[in-house]
Amino acid sequence: MRVVLLGTAAGGGFPQWNCACALCTAARDGKLPSRTQECAAVTGNGRDWWLLNASPDLRTQLTTTPPLWPGPGPRDTPLRGVLLTDAEADHVTGLTELRGAAGLKVYAAPPVRSVLAPARAALDRYASWEWADSLADGGFVLAGGLVVTAHPVGTKIPKYVPAQGPVPAGPWVTAYRVEDLASGGVLVYAPCVGAWSPVLDALCADADCVLLDGTFFAADEMGTAVRSGAGQAAMGHLPVSGPDGSLAALARHPGPRRIYTHLNNTNPLLDPASPARAHVTEHGAEVLPDGSELVL
């Protein structure tokens, strides 16, 4: 199984267009590498590729990743579909870049498919896609020899969903377990996690690699970095640091490779020279650049 980290930043990318925090300023000055919004691609055979989320930066990500280039025919593409972890704008907006590509299959949890109904109808006017329930009993098999199961890991509802009126019930946020039938390699993909749970412990227990939500290093990071008064707790992401943070939870699972993704523009992990990055590295976790490829 090959996994390409197409993008590793949270919504807005890095640097964020309307932010002049110290980290974004350093990125604009060329002192830190820029990052596109979080998205990954996975294949079991090198020919059939599946996207894990679809970021607003998808066009750039596809054009800078040769294995995902079209061909050999003028409209042939190695992309077979998309696995959505949630309905957040930075994970679904890229679907519009794929409009017109016939035969794609999109997996998502029922509430995600429900809230995307208007977008689904619009996209289907360009080309017919299949929209499947990612939480179907027994999981599903992807072209290329990958077996996938989806697991509820959060209830975060996107801000664009109206607060008035009925809200679709069920898990809004899922993690994916992807297993390569040929190699036996197991990837856990969980870029949006509100709180650690026994579900995540079970997923990490037999994984070879875990791509995990690293949005915020500290719970009060947003208010500290941009003086907005809005901290992590209001945004539904588990911080990396602290006794109840994800790094402490990952310490129980030293076996798999542990990689943080979906990094907010305020996160000091974006700076390779920061004490935060040193702390994470010391505890066996990694932060990789856009374009990194993993083989499991």
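1. In this predicted model, Ser-134 is buried, its relative accessible area being 1%. The residue belongs to the loop that links strand 6 (130-133) to strand 7 (140-142).

2. The surroundings of Ser-134 deserve a remark. Its side chain comes to 3.1 Å from the backbone nitrogen of Ala-109. With neighbours within four places in sequence set aside, the contacts of Ser-134 are Tyr-107, Ala-108, Ala-109, Phe-140, Ala-150 and Tyr-176.

3. The largest nonpolar core comprises 68 residues, and Leu-51, Leu-84, Leu-95, Leu-98, Trp-129 and Tyr-260 have the most contacts inside it. Helix 1 (residues 22-28) supplies the largest share of this core, namely four residues.

4. Helix 9 (residues 275-282) has Ala-276, Arg-277 and Val-280 as buried residues. These residues lie on the same side of helix 9 because they cover an arc of only 100 degrees around its axis. Exposed Pro-275 and Glu-282 are carried on the face turned away from the buried side.

5. Which elements cover the buried residues of helix 9? Among them are helix 8 (246-250), strand 12 (257-261) and strand 13 (285-287). Gly-284 follows helix 9 and has a positive phi, near 85 degrees.

Terms used. Residues are numbered from 1 along each chain as its sequence is written. This is a predicted model: local features need pLDDT of at least 70, side-chain atom pairs count only at pLDDT 80 or more; totals for chains, interfaces and linings use all residues. Side-chain values use heavy atoms; hydrogens and water are left out. Helices (H or I, at least four residues) and strands (E, at least two) are DSSP runs, numbered from the N terminus. Buried means under 20% relative accessible area, exposed over 50%, partly exposed in between (1.4 Å probe, protein chains only). A polar contact is a pair of N or O atoms within 3.5 Å; within protein, one must be able to donate a hydrogen and the other to accept it, and residues adjacent in sequence count only if both atoms are side-chain atoms. Contact means heavy atoms within 4.5 Å. A nonpolar core is a set of buried Ala, Val, Leu, Ile, Met, Phe, Trp, Tyr and Cys residues joined through side-chain atoms within 4.5 Å. The arc is that of the directions from the helix axis to the C-beta atoms.
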